[in-house]
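Welcome, and thanks for taking a look at this one with us.

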Amino acid sequence: MSNPLTIVMYHYVRPLADSRFPELKALELARFRGQLDFIARHYHVVGMAEVIAATRGEPLPPRPLLLTFDDGYRDHHAHVLPALRERGWSGAFFPPACAVREGRVLDVNKIHFTLAGVDDPARLVAAVFTALDDHRDEHDLPANEVLFASLSRESRYDGPEVTFVKRILQKGLPEALRESITDTLFRRFVTDDEAAFAAELYMTPDELRELHAAGMCLGSHGDRHLWLNTLNAEQQRHEIDASLAFLAELGVPRHDWVMCYPYGGYDAELLALLRERGCALGLSVEVGLADVRRDDPLCLPRVDTNDLPTRGDAVPDSWPWAAAAMPPATRTSRSRGGAPC
Ligand SMILES: [Zn+2]
């Protein structure tokens with residue numbers, strides 16, 4: 001790999017300590033700014049247009065880095081946009097259409113805030129067990145202990161209880177049951193005013209237009225933030241076309257648009273559809289540095305913000321900095337896989 005591209009993935013970026021949810025798994029604003037200082041010292045930040053051009057043979061500056069922000073949070077308008085503007089940088093932002101348009105809180109966010117709203121994750125596990133007991137016969141569910149043992153195994157980011165709650169509510173149950181339990185927990189531990197919470201959490205269309213006017217890239221993150229690799233072809237088409245219609249309303253051109261797969265989920269059928277629709281680039285949650293000359297441009301890996309230091313004066317000796325700086329022959333890619341959402 002020559003001149004690998006580091007694509008950094010961000011979700012929540014906010015002044016956590018003063019917030020209503022200090023336990024939210026978010027990047028503290030001061031640490032974000034420190035990380036930008038580190039990046040400014042050791043990388044060349046590039047915009048999406050340069051990355052797309054690079055997939056077609058144009059050169060990138062040495063040690064290039066692209067900043068990406070998932071999920072359309074208001075954090076990105078309030079805190080990220082000013083920080084990038086100060087530096088004259090462009091980032092890429094991926095709002096899920098239905099969250100912005102319909103005032104609905106995505107299940108993934110309901111889970112995050114429920115986890116942040118409960119002091120002891122064991123309490124939440126107990127609440128999930130009770131909900132499962134209520135539906136066990138109807139859905140022929142395995143025993144709670146069996147589900148816990150199979151879904152709480154080691155994760156890169158969380159302890160066993162949190163891993164279990166996330167996995168069972170994101171993927172481990174039939175869709176309708178998963179949504180219903182997630183909603184019950186959100187109402188019990190966070191709020192019963194979903195619309196007000198959504199208005200606080202996500203950017204408005206006008207805020208997104210402001211990002212676009214400031215030179216930021218806006219891309220697709222689907223309509224309802226689903227695992228696209230679990231959908232049939234028609235459902236995939238709906239997700240993509242609804243999100244493209246939403247981007248068109250925001251003024252984003254239809255050519256050379258960019259896809260960011262919710263939870264990193266994609267399959268061959270989806271990639272074929274994206275090619276048909278003129279998608280130029282796709283971002284996954286596989287962990288690694290991108291080789292824009294060799295990787296499929298629709299399947300580029302990223303690194304998480306947690307993989308980079310959060311102080312400008314940090315010594316640049318850890319992965320992925322070292323991987324980007326090493327001579328190509330000695331470079332190894334880190335193990336891939338795992339959705340950090
Ligand atoms: Zn997402």
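Is Phe148 buried, exposed or partly exposed? The model here is a predicted one, and in it Phe148 is partly exposed, because its relative accessibility is 22% and the buried class ends under 20%. With that settled, let's go through the rings and then a helix.

**Aromatic pairs**
- The model holds 16 aromatic pairs.
- One of these is the edge-to-face pair of Phe129 and Phe148, with 6.4 Å centre to centre and 80° between the planes.
- This pair joins distant parts of the chain: Phe129 belongs to helix H6 (residues 121–139) and Phe148 to helix H7 (residues 144–151), 19 residues apart.
- Tyr261 and Tyr266 make a tilted pair, because their planes meet at 40°, with ring centres 4.7 Å apart.
- Tyr261 is buried, since its relative accessible area is 0%.
- A cluster linked by ring pairs takes in Tyr12, Phe21, Tyr73, Phe113, Phe186, Phe197 and Tyr202.

**Charges over rings**
- Arg87 sits over the face of Trp89, 5.2 Å from the ring centre.
- Lys171 sits over the face of Trp227, at 4.0 Å from the ring centre.

**Helix H8 and its cover**
- Helix H8 spans residues 160–170 and is mostly covered, with 8 of its 11 residues buried.
- The buried residues of H8 are Val162, Thr163, Phe164, Val165, Lys166, Ile168, Leu169 and Gln170.
- Their cover includes helix H5 (107–117), H6, H7 and helix H9 (175–189).
- H6 and H7, both part of that cover, are also the helices that hold Phe129 and Phe148.

Conventions:
Residues are numbered from 1 along each chain as its sequence is written. This is a predicted model: local features need pLDDT of at least 70, side-chain atom pairs count only at pLDDT 80 or more; totals for chains, interfaces and linings use all residues. Side-chain values use heavy atoms; hydrogens and water are left out. Rings of Phe, Tyr and Trp (its six-membered ring) pair if their centres lie within 6.5 Å; planes under 30 degrees apart count as stacked, over 60 as edge-to-face and the rest as tilted. Helices (H or I, at least four residues) and strands (E, at least two) are DSSP runs, numbered from the N terminus. Buried means under 20% relative accessible area, exposed over 50%, partly exposed in between (1.4 Å probe, protein chains only). A charge sits over a ring if NZ of Lys or CZ of Arg is within 6 Å of the ring centre and within 35 degrees of the ring normal. Contact means heavy atoms within 4.5 Å.
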